[in-house]
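Subject: Structure handover

Hi there,

Here is the structure I promised to pass on. Have a look at it first, and then read my notes below.

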Amino acid sequence: QWNGVLQQAQKAKAELGDAPDAILIFAGTNDFALDAPMGEWYDVRETEVNRWGKLVKLPRRLVNRDPKTFRGRINTVLEYLRNEFPDAQIVVMTPTHRAFFTCGGDNIQPDESYPNAHGLYLDDYVAALREGARIWSVPVIDLHAEGGLCPRIENQGRLFWNAKSDRLHPSSEGHRRLALLIAAKLRTLPATFKTGK
């Protein structure tokens with residue numbers, strides 16, 4: 001989930017310092033599956049500000065960092081990365097489509113045609129990721145829209161770990177397809193913003 005991405009980013013900063021040229025984030029499907037509430041991008045508070053030489057009270061949007069919500073998690077991670085890796089290329093990748101998954105016991109997840117406990121669909125989380133990327137000015141590689149993986153199509157079963165029990169995790173062939181798309185998209189972006197690289 002995106003709250004785990006923050007911990008990974010902090011670990012990367014501690015271990016690598018400013019070395020990373022690019023940071024790719026591929027997360028969101030577990031936020032959907034584990035029922036993270038959507039939340040808000042901003043908290044709005046009335047504040048006093050000088051506008052055209054006069055002090056006036058206006059509503060002000062302030063970044064919401066609620067770690068219990070999907071939008072708050074995205075804000076927290078992307079703000080941290082922008083502050084700690086100011087010259088790195090940061091890229092958000094959306095979740096792929098998902099279908100039936102079980103690994104035994106109670107871990108049984110229906111396909112994406114069903115909503116989670118909040119009545120939200122995977123599409124809602126994908127849309128929020130695109131919006132968060134826009135807010136923080138980072139490019140998106142949209143694996144949901146362009147990844148070519150449609151797990152509910154019977155003939156695509158081979159692109160997933162197990163056609164009968166795991167149409168969530170890609171197989172080697174599914175990963176190859178995603179890798180080809182990611183590589184093509186990355187070629188259209190600067191590899192880093194560091195001076196002299």
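Let me begin with the second largest pocket: 14 residues line it, and V5, Q8, A9, I23 and L24 lie nearest its centre. The elements that give two or more residues to this lining are α1 and β1, and α1 provides the largest share, 5 residues. By class the lining has 11 nonpolar, 3 polar and no charged residues. The volume of this pocket is about 240 Å³.

Before going further, a word on the source: this is a predicted model, in which local features need pLDDT of at least 70 and side-chain atom pairs count only at pLDDT 80 or more, while totals for chains, interfaces and linings use all residues. Residues are numbered from 1 along each chain as its sequence is written, and side-chain values use heavy atoms, with hydrogens and water left out.

A pocket is an open set of points on a 1 Å grid over the protein atoms alone, where a 1.4 Å probe fits, with protein on both sides within 12 Å along at least five of seven lines; lining residues have an atom within 4 Å of a point. A volume is the space filled by probe spheres set on the points, which are joined across faces, edges and corners. Ala, Val, Leu, Ile, Met, Phe, Trp, Tyr, Cys and Pro count as nonpolar, Asp, Glu, Lys and Arg as charged, and the others, Gly among them, as polar.

The largest pocket holds about 290 Å³ of space. Of its 13 lining residues, F26, T29, N30, L168 and H169 are the closest to the centre. Here α2 (29-33) and β9 (166-170) are the elements that give two or more residues, and the lining divides into 5 nonpolar, 7 polar and 1 charged.

Leaving aside residues up to four places away in sequence, F70 touches W2, G28, D31, P37, M38, Y125, A128 and L129, a contact being heavy atoms within 4.5 Å.

The chain has 6 helices and 9 strands, taken as DSSP runs (H or I, at least four residues, for helices; E, at least two, for strands) numbered from the N terminus. Three of the strands make an open, parallel sheet in the order β1-β4-β7, with β1 and β7 (140-141) as its edges. Strands pair if DSSP finds at least two bridges between them; β4 and β7 are joined by 2, and M93 has I141 as its bridge partner in β7.

Overall, 40% of the 197 residues count as buried (under 20% relative accessible area with a 1.4 Å probe, protein chains only; exposed is over 50%, partly exposed in between). The C-alpha trace spans about 65 × 45 × 30 Å along its principal axes.

Best wishes
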